[in-house]
Amino acid sequence: MVRYNKTNMKLYNTADKKVVELDLEKTKPVKIYTCGPTVYDYPHIGNWYTFIRYDLLARTLRASGFDVDWVMNITDVGHLVSDADDGEDKLEKGAKREHKTAQEVAEFYGDYFLKGIKRLNFSEINHLPKATDYIKEQINLISKLEEKGFIYKTSDGIYFDTSKFPKYAEFAGLNLGQQQAGERVEINKEKRQESDFSVWKFSEPGQKRDMEWDSPWGIGFPGWHLECSAMIQAILGQPIDIHAGGIDHIAVHHTNEIAQSEAAFGSPLSKYWMHCNHILVNGKKMSKSDGTFITLEDIEARGYSLDVFRFHVLSGHYRSQSEFSWELLEASKTRLNRWLEIASLRWQPHATNTGDESSISESTTIELTKILSDDLNTPEAFKYIEDVLINIQNYISDLEVKSVSEFFEKIDSVFGTNIMKLTEDISEEQKNVITERNKVRQLNDWAGSDKLRDKLLSESITLRDTPNGTIWSRSI
């Protein structure tokens, strides 16, 4: 594995508002925490965009010679519909919608998410903790905040007093003095400041929730922001190296995490913060009412593989606002098939396997990792790969199998693509069809030739007649 000095990995740090060189210890795993799904419904492709970009971060760090200790949480309680402190718990809402218990809803969509990360070929996520498995730790965190005087009680819960944390507005650049009541959270007249947030919500009197626990302050459930702080402290310790999430987390969720974690433990929560931009459909956020709430199943129902979807996501930069359309997905499919066509060249009769070292497997793979290490620059990495693919095609008459295979193995490793698997050798029967087609072409039997070509096309194998002979490639 190629290893670089720690200064070679760069990332846009939200706290600094610029791209910085990461100061990471080579002798220890890079501690990463990424905000995961709230398991009350199917995740839409915007969620998967963000999750795939987390995976790119972990893969790039590993390719750069770092070990990674990656935590992604699963929120199965406490996330209210307002993303703040009011409204119905999303799990309880899902339970009413499906006439199930909140636990049943969480288990179903939690299992769906775990299957999804396998379907999308994620690398290893070292820890996938659920919020409900860390209730004790969350209660202990509130107790620590209480000891230090950071919380107060209202009729509906326990709140963090943001006036006691002077740096509260710094991370997101908030101007709390100019904010209108209810701009960030729903209006609660008992709160001391509009920016104060709940760390524990009480169950409503006379009602029993599916998910509620006893605590020193009363029966209820933890605030949404609390779980991340508690899990980070319990699993990774504080500070961690990189905390990642969507840009919508900056102003509320991550700002609140920083406040409660740093108030409780007296040290920075994370050295670096990575945030992924939104994806839009028809220029707007996805919405069920607009018919633009798109899932993985919708992708597949349109005839696209999830390999194409992952490839499409990675073609854009994580900090750029992405637009999704079926036309753009089709363009990504065409682009990926071009890569598959070049990868299939390693099986052609003119390819050699000398076992010699090649510049394709040395300098090109090093350069690819260096490009990705500069703020995960996937558009530039894709452009570089395609320049190499042109070079491979230009040397088709003297193609060295080992170097081409190693290059595509590197691509699969850093991007999570399945190019090597998708371009496995065709069967002997299929090779015989190509041989037979070449014979009928020599007899000028063009109808017979087209029939044999169509047979292979139905098996997702395309043919191209060149001066070097007939070349096949797989497509998806």
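Residues are numbered from 1 along each chain as its sequence is written, and side-chain values rest on heavy atoms, with hydrogens and water left out. In this predicted model, local features need pLDDT of at least 70 and side-chain atom pairs count only at pLDDT 80 or more, whereas totals for chains, interfaces and linings use all residues.

The sheet is open and holds 4 strands in the order β4-β3-β9-β10, paired in parallel. Strands (E, at least two residues) and helices (H or I, at least four) are DSSP runs numbered from the N terminus, and two strands pair if DSSP finds at least two bridges between them. Strands β4 (68–72) and β10 (270–276) stand at the edges with a single partner strand each, so one side of each has no neighbour in the sheet. Neighbouring strands are turned by 20 degrees against each other on average, direction ignored. Strand β3 (residues 30–34) runs parallel to β4 and is joined to it by 5 bridges. Tyr33 has Val71 in β4 as its bridge partner.

Helix α1 (residues 45–63) packs on this sheet and touches β3, β4, β9 (240–246) and β10, contact meaning heavy atoms within 4.5 Å. The direction of helix α1 makes about 170 degrees with that of β4; axes are lines fitted to C-alpha atoms, for helices over the stretch in contact, and angles run from 0 to 180 degrees between N-to-C directions.

A salt bridge is taken as a side-chain nitrogen of Lys or Arg within 4 Å of a carboxyl oxygen of Asp or Glu. By this rule the count is 27 salt bridges. One of them joins the side chains of Asp55 and Arg59, at 2.9 Å from N to O. Both residues lie in helix α1, 4 residues apart, or about one turn of the helix. Asp55 and Arg59 are both buried, that is, under 20% relative accessible area, with exposed meaning over 50% and partly exposed in between (1.4 Å probe, protein chains only).

In helix α12 (residues 401–415), Lys402 and Glu406 are likewise placed 4 residues apart, about one turn of the helix. Their salt bridge has its closest N and O atoms 2.8 Å apart. Lys402 counts as partly exposed because its relative accessibility is 24%, and Glu406 is partly exposed at 24%.

Asp41, Arg97, Glu98 and Lys100 are linked in a network of salt bridges. Lys100, at 33% relative accessibility, is partly exposed.
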